[in-house]
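Dear colleague,

I am handing over the structure we spoke about, and below it you will find an account of what turned up when I went through it. Please read the two side by side.

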Amino acid sequence: MTKTILITGSTDGIGKLAALKLAEAGHQVYVHGRNADKLTSVIAEVKAVATGAAVDNINGFVADFSDLNAVHKMAAEVNKKLPKLDVLINNAGINTTASAMTKDGLDVRFVVNYLAPHELTNALLPLLKKSSKARIVNLSSAAQDPISYKAFVGQERLDDKDAYAQSKLALTMWSMDLADTVAADDINVIAVNPGSLLNTKMVDEAYGEYWSSADKGANILTELAISDEFANDSGKYFDNDIKDGAHGDARGEFGQPHADALDKEAITELERQTQTVLQSLSA
Ligand SMILES: NC(=O)c1ccc[n+]([C@@H]2O[C@H](COP(=O)([O-])OP(=O)(O)OC[C@H]3O[C@@H](n4cnc5c(N)ncnc54)[C@H](OP(=O)(O)O)[C@@H]3O)[C@@H](O)[C@H]2O)c1
């Protein structure tokens, strides 16, 4: 069955590859990026490989996720344009950067990797509820470190590695909680480490080497999005690193996220701090 799928951060890397694969398989794919020109050319590339009735409807949205106002604006556009949403892949992410702080004084990793998908998803829940069995796929990482709330609210600076790992744990903690919240609406939520050091721009900029192909990450995103194999999985963490070492393209399996992602008190504290930050931004 044709699915309507929105993939954030699909102007590059594994998000773009997944968009191409899903459109080629006949699904109605909506892409997203922060750069309008890059998005326009990706829409053309996706249309060129798309099959089925969805070809004419391939489209996209522009929003810089380091600005939560832009995220909210995009959510309003998506809600207006789409009749329903079957799959949301929260893939946009940032690791190393020359400008670590947003204009609001927050670390850009916490904003792009956690607060933006948190806000986008909450705003799109009405659309996801219109699907018969929607899926949300959140891009976690093997890098997950306990959150410093001083850093989270912008009162402490972190290095790139720590900021990235803390933002990814925040996303993973929220994912486990969201799965409980939306269970009654028949929406599945999976957090996924797509594989470590996949061959993408992010990894090249952060490490200058890679262990596995970008395709490995795109393949697991595609499967988590549409495969019947995952129809009944929710509130779980898929670890696409292989057990005997992270190198190679073999698929991983469901595993354990960082302990904080399974700790109700830690998750409650994250949501409390999240609401405080969001309120300070809207004040
Ligand atoms: N590659 C890996 O080994 C690996 C491992 C674990 C987890 N992940 C996660 O997988 C996801 C995709 O990573 P990737 O390796 O494919 O990275 P990538 O090639 O750098 O692609 C990242 C995507 O996110 C977009 N993006 C970045 N900052 C943004 C912002 N401020 N607003 C809107 N969009 C923004 C990028 O837009 P531009 O095209 O404009 O740059 C691009 O479309 C990320 O969440 C990453 O953390 C990757």
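This is a predicted model: local features need pLDDT of at least 70, side-chain atom pairs count only at pLDDT 80 or more; totals for chains, interfaces and linings use all residues.

The chain contains nine helices and eight strands. Its radius of gyration is 17 Å, close to the 19 Å that the globule rule gives for 283 residues, so the chain is as compact as a globular protein of that length. Taken along the principal axes, the box filled by the C-alpha atoms is roughly 50 × 45 × 40 Å. Of the 283 residues, 54% count as buried, and when one looks at contacts between residues at least 6 apart in sequence, 71% of these join residues at least 24 apart.

As for the surface, the chain exposes about 12,100 Å², of which carbon and sulfur atoms supply 48%. There are 27 positive and 39 negative side chains, and the centres of these two sets lie 5 Å apart.

Leu197 is buried, its relative accessible area being 13%, which falls under the 20% cut-off.

Which residues is Leu120 in contact with, once its neighbours within four places in sequence are left aside? They are Thr8, Phe65, Val71, Met74, Ala75, Leu88 and Asn90.

The structure holds 15 salt bridges, and I describe some of them here. In one of them, Glu45 pairs with Lys16, and the closest N and O atoms are 3.1 Å apart. Because Glu45 lies in helix 2 (residues 36-49) and Lys16 in helix 1 (residues 13-24), this pair ties together parts that are 29 residues apart in sequence. Glu45 itself counts as partly exposed, at 35% relative accessibility.

A further salt bridge is formed by the side chains of Lys103 and Asp67, at 3.8 Å from N to O. This pair links distant parts of the chain, since Lys103 is in the loop between strand 4 (87-90) and helix 4, and Asp67, 36 residues apart from it, is in the loop between strand 3 (59-62) and helix 3 (68-81). Lys103 counts as exposed, with a relative accessibility of 63%. Lys103 also forms a salt bridge with Asp104, where the closest N and O atoms are 3.8 Å apart, and Asp104 counts as partly exposed at 36% relative accessibility. Through these shared partners, the salt bridges join Asp67, Lys103 and Asp104 into one network.

Technical notes. Residues are numbered from 1 along each chain as its sequence is written. Side-chain values use heavy atoms; hydrogens and water are left out. Helices (H or I, at least four residues) and strands (E, at least two) are DSSP runs, numbered from the N terminus. The radius of gyration is taken over C-alpha atoms; the globule rule is 2.2 Å times the number of residues to the power 0.38. Buried means under 20% relative accessible area, exposed over 50%, partly exposed in between (1.4 Å probe, protein chains only). Contact means heavy atoms within 4.5 Å. Accessible areas come from the Shrake-Rupley method with a 1.4 Å probe; for residues, only the protein chains shown count as cover. Lys and Arg count as positive and Asp and Glu as negative; His and the chain ends are not counted. The place of a charge is taken as NZ of Lys, CZ of Arg, CG of Asp or CD of Glu. A salt bridge is a side-chain nitrogen of Lys or Arg within 4 Å of a carboxyl oxygen of Asp or Glu.
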